[in-house]
Amino acid sequence: MREERMMAKIGRNDLCSCGSGKKYKKCCMGKEDELVFEEACNLVDDFKDYSDDISSDVVRELSTSEIIERLGELDIAFDKEDFLRDVEAFYSVRDIAEKWCRTFHVTAKGTDKEFAIAAASILWERLAAEPVLSREQMSDLLDRGFEYLDDNDAIAACDLWFKVWEAIKYRHNSETKNLAFFDKQYSRSFFVSNFCQDLEAELHNAGLDDKAYFEKRICYCREFLACFPSEQELIIHNMRRAIAESYLSLSNREQAEVEYKKLVQEYPDNPWGYIGWGDMYCFAEQKDSVKAKMLYEKGLAIAKDKEDRKVIQERLRDIK
């Protein structure tokens with residue numbers, strides 16, 4: 001059983017808070033971007049429409065030179081070097097499209113506006129290399145990962161989600177000690193704090209099919225802890241426990257013991273370190289009920305939450 005995770009933010013697959021009954025990603029997510037873009041573009045009837053329906057798929061059929069030529073017809077003077085600098089500076093294709101509107105005093109409506117956004121998206125895909133991913137690309141990878149999870153393929157989901165993690169690490173700098181900055185940058189598409197916890201959990205599930213993913217889970221959790229040492233204690237503690245659990249799943253009991261011992265020393269008021277440590281002796285092949293009972297009782301002695309106490313008491317009853 002896992003310690004309860006931070007889930008206060010609305011997830012992309014949760015029901016939308018507007019009451020429509022649709023998932024957030026299919027309803028209100030991104031509407032804020034539309035409003036900002038429309039304000040930046042001062043929608044008027046100065047430009048012709050290229051088609052009745054501009055989408056990324058339609059623009060993707062055009063060559064790069066054709067996209068740039070059409071941007072020129074919208075008075076957007078595209079420069080590759082400037083664009084690649086923008087890719088490094090901005091997080092979303094819409095950020096770049098908005099900059100075009102401000103810089104070149106573009107006025108656009110309808111499909112002209114849609115074309116500018118789609119063009120920014122396709123050019124980002126073609127001209128920028130991983131791990132410089134846009135918010136939209138990362139959101140798409142997350143969605144595809146959830147589709148794999150619907151088919152019980154945690155390995156494929158984790159392989160995709162590692163690309164998102166690499167993109168986050170690329171944007172990270174030494175001054176960013178927690179996830180608040182990234183949650184703010186990507187919140188219109190997904191919450192990085194939720195994603196990081198989801199990746200940790202699914203790496204465990206992937207490890208059940210391929211033990212190499214327990215190794216990857218350890219590496220990922222250590223990277224997370226190095227990047228975000230000031231993150232909320234609950235998330236930090238879960239990552240630390242995931243490392244210990246993964247060593248145990250790899251049959252490295254000695255290192256698992258080391259990790260659990262450090263965990264309870266550094267977080268003496270969190271009973272879940274003792275719960276995980278006790279589970280190592282209670283449920284593993286080399287069972288030691290006496291030591292498991294001792295660790296559970298230590299956890300019970302400091303547990304204040306009713307549900308935490310219930311979890312420990314159930315384990316103690318199981319031992320009897």
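Tutor: Glutamate 202 sits in helix H10, which covers residues 192–209. Keep in mind that this is a predicted model. With a relative accessible area of 17%, glutamate 202 is buried, because the cut-off for that class is under 20%. What is glutamate 202 in contact with, once its neighbours within four places in sequence are left aside? The partners are Leu149, Ala154, Cys158 and Trp161.

Those partners lead us to another stretch of the chain. Helix H7 spans 135–150 and helix H8 spans 154–171, and aspartate 151 lies in the loop between them. Is aspartate 151 buried or exposed? Its relative accessibility is 60%, so aspartate 151 counts as exposed, the cut-off there being over 50%. Aspartate 151 also belongs to a patch of negative charge on the surface.

Now let us step back to the whole protein. Its secondary structure consists of 16 helices and 0 strands. Glutamate 202 is buried, and 48% of the 320 residues fall into that class. Among contacts with a separation of 6 or more, 66% are made by residues 24 or more positions apart.

Conventions. Residues numbered from 1 in each chain as written. Predicted model: local features only at pLDDT ≥ 70, side-chain atom pairs only at ≥ 80, totals over all residues. Heavy atoms only, no water. Patch = residues over 30% accessible without salt bridge, like charges linked within 9 Å, V, L, I, M, F, W, Y side chains within 5 Å. Areas by Shrake-Rupley, 256 points an atom, 1.4 Å probe, with all protein chains shown as cover. Salt bridge = Lys/Arg side-chain N within 4 Å of Asp/Glu carboxyl O. Lys, Arg positive; Asp, Glu negative; His and termini not counted. Charge placed at Lys NZ, Arg CZ, Asp CG, Glu CD. Helix = DSSP H or I, 4+ residues; strand = E, 2+ residues; numbered from the N terminus. Buried < 20%, exposed > 50% of the residue type's maximum accessible area, 1.4 Å probe, protein only. Contact = heavy atoms within 4.5 Å.
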